[in-house]
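Subject: Structure handover

Hello,

The structure we discussed is below, and my notes on it follow. Please read them with the model open.

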Amino acid sequence: MEWIKPKGLWISGYFLLMMFLFTRGFYHPFFVLLIGLFLIIVFLKEENRLFGWMIISFFLGNLLLGYMDHFIESFHLSPFLLIMMSQLLLLIPILMISFVVKQFNQEITPYFHRPIFTEEIQLPFKIVFSFKRFVLIFALMAVLFLGITLQFQKDGLHWLPFLLILLFALVNAILDEILWRGILLSKLIRHTSQPIGIVITSIAFGINTTMFGFSVIIYMIYIFLGFMLAFLTVKSRSVLPAMIAHTYVTTILLLNGVMSIPVYYGS
C-alpha cells in the first residue's frame, strides 16, 4: 500500500511555494511559477492534473478577489460593511475551484454531510479515547472560557458590537472551512495521504493569514488552528464542527483584541 504519492507531494510543495510568494508580494517569481504550472499541467496524469487546475483556479480567484476588494473600497460604505463584503468575495475562488472539480466529474468534497462522532482517538501507550467525549469536553471548556472572556471585558459588554463580531466570525469561518477543509483538504488527502494533506493545508492556511498583515503570533495560531480544524473534519467526516470551532476561535481573538475589525465598543 502506497503511503505517499510522490507526484502529489511534489505538486503540494509547489502550491506551498506559490502561496508563500503570493502572500509576501513576490509577484514576479509567483507569476513565473504560475505560467510554469500552465505549461507542465498537460503532462500530468488526470488525478494530478485536476489538482494542478485547482491550484491555478485558487490563485486566479484570489487575484480577482483582490481586484474586486479594491473596487468595492471606492464605494462610500461603513468600514464594517466593507469588511463583510470583502469576506464574501472569498466565494470567487470557492466557485472557481468547484467549477474545475465538476469539470472532472468529481465530488466537490466528501465533507458536506452531518458530522459522525463514532470515531476513536488512538493515544500513546495503546490508550483509546472516544472522539465524542473529546468533542464534548472541549465544547464545555470553550463555553466556560467564552463566559470568562465576556465577564472580564474592560468596557463592559455591548451587545451590538458583540453580535457584529459574531456575524463576521461566522461568515469568515463558513467560507474558510468550505475552501480549506471542505475542498482543499479533501483533494490533498486524495492526492498525497491523510497526514500530508493535513500538514500542507494547515501550513498554507497559516501562510494565507500573512497577506492581511497579521503578526507572527497570529500566523502560528492559525497554523495550529489549521491542524485542529483538519483533525476535526477528518474525524467527524464533516466541515460543520470545524466551522463552529473556527467561529469560536475568531470570536475569542476579536474579543481579546488579538485581532481587530472596525466594530466599536462603548457609546
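In these notes, contact means heavy atoms within 4.5 Å. Helices (H or I, at least four residues) and strands (E, at least two) are DSSP runs, numbered from the N terminus.

Where the numbers come from: this is a predicted model, in which local features need pLDDT of at least 70 and side-chain atom pairs count only at pLDDT 80 or more, while totals for chains, interfaces and linings use all residues. Residues are numbered from 1 along each chain as its sequence is written, and side-chain values use heavy atoms, with hydrogens and water left out.

Overall

The chain has 10 helices and 2 strands. Their order along the sequence is α-α-α-α-α-β-β-α-α-α-α-α. Of the 267 residues in the chain, 46% are buried (buried is under 20% relative accessible area, exposed is over 50%, and partly exposed is in between, with a 1.4 Å probe and protein chains only). Taking contacts between residues at least 6 apart in sequence, 73% join residues at least 24 apart.

Helix packing

Two packed helices are described by the angle between their axes and the distance between the axes. The axes are lines fitted to C-alpha atoms, for helices over the stretch in contact, and angles run from 0 to 180 degrees between N-to-C directions. Angles under 35 degrees count as roughly parallel, over 145 as roughly antiparallel, 65 to 115 as roughly perpendicular and the rest as oblique. A crossing is left-handed if the near helix is turned anticlockwise from the far one by less than a right angle, and right-handed if clockwise. For residue classes, Ala, Val, Leu, Ile, Met, Phe, Trp, Tyr, Cys and Pro are nonpolar, Asp, Glu, Lys and Arg are charged, and the others, Gly among them, are polar.

Helix 3 with helix 7. Helix 7 covers residues 159-191, and its axis is 10 Å from that of helix 3, at an angle of about 150 degrees. The two helices are therefore roughly antiparallel, and the crossing is left-handed. From helix 3, the residues in contact are Glu47, Asn48, Leu50, Phe51, Met54 and Phe58; from helix 7 they are Leu179, Trp180, Ile183, Leu184, Lys187, Leu188, Arg190 and His191. By class this contact has 9 nonpolar, 2 polar and 3 charged residues.

Helix 3 with helix 5. Here the axes come within 8 Å and cross at roughly 155 degrees, which means that helix 3 is roughly antiparallel to helix 5. The crossing is right-handed. Helix 3 contributes Leu50, Trp53, Met54, Ser57, Phe58, Leu60, Gly61, Asn62, Leu64, Leu65 and Met68, and helix 5 contributes Ile92, Pro93, Met96, Ile97, Val100 and Val101. The classes are 14 nonpolar, 3 polar and no charged.

Helix 9 with helix 10. Helix 9 (residues 216-236) and helix 10 (residues 240-255) have axes that come within 8 Å and cross at roughly 155 degrees, so helix 9 is roughly antiparallel to helix 10. This crossing is right-handed. Among the residues that make the contact are Tyr222, Leu225 and Leu229 of helix 9 and Ala245, His246 and Val249 of helix 10. The contact residues divide into 10 nonpolar, 4 polar and no charged.

Individual residues

Glycine 52 is in helix 3 (residues 46-72). Its relative accessible area is 0%, so glycine 52 is buried. Beyond its neighbours within four places in sequence, glycine 52 contacts Ile11, Leu37 and Ile41. Tyrosine 14 is 38 residues away along the chain, and its C-alpha atom is 9.6 Å from that of glycine 52.

Threonine 109 sits in the loop between helix 5 (91-103) and strand 1 (120-123). Threonine 109 counts as buried because its relative accessibility is 3%. A polar atom of its side chain lies 2.3 Å from the backbone oxygen of glycine 182.

Two residues stand out by backbone angle. Most residues other than glycine have a negative phi. Asparagine 105, however, has a positive phi of about 55 degrees. Asparagine 105 is in the loop between helix 5 and strand 1 and is exposed, at 73% relative accessible area. Arginine 237 also has a positive phi, of about 60 degrees. Arginine 237 lies in the loop between helix 9 and helix 10 and is partly exposed, at 41%.

Regards

How values were computed. Polar contact = N/O pair within 3.5 Å; in protein donor to acceptor, adjacent residues only side chain to side chain.
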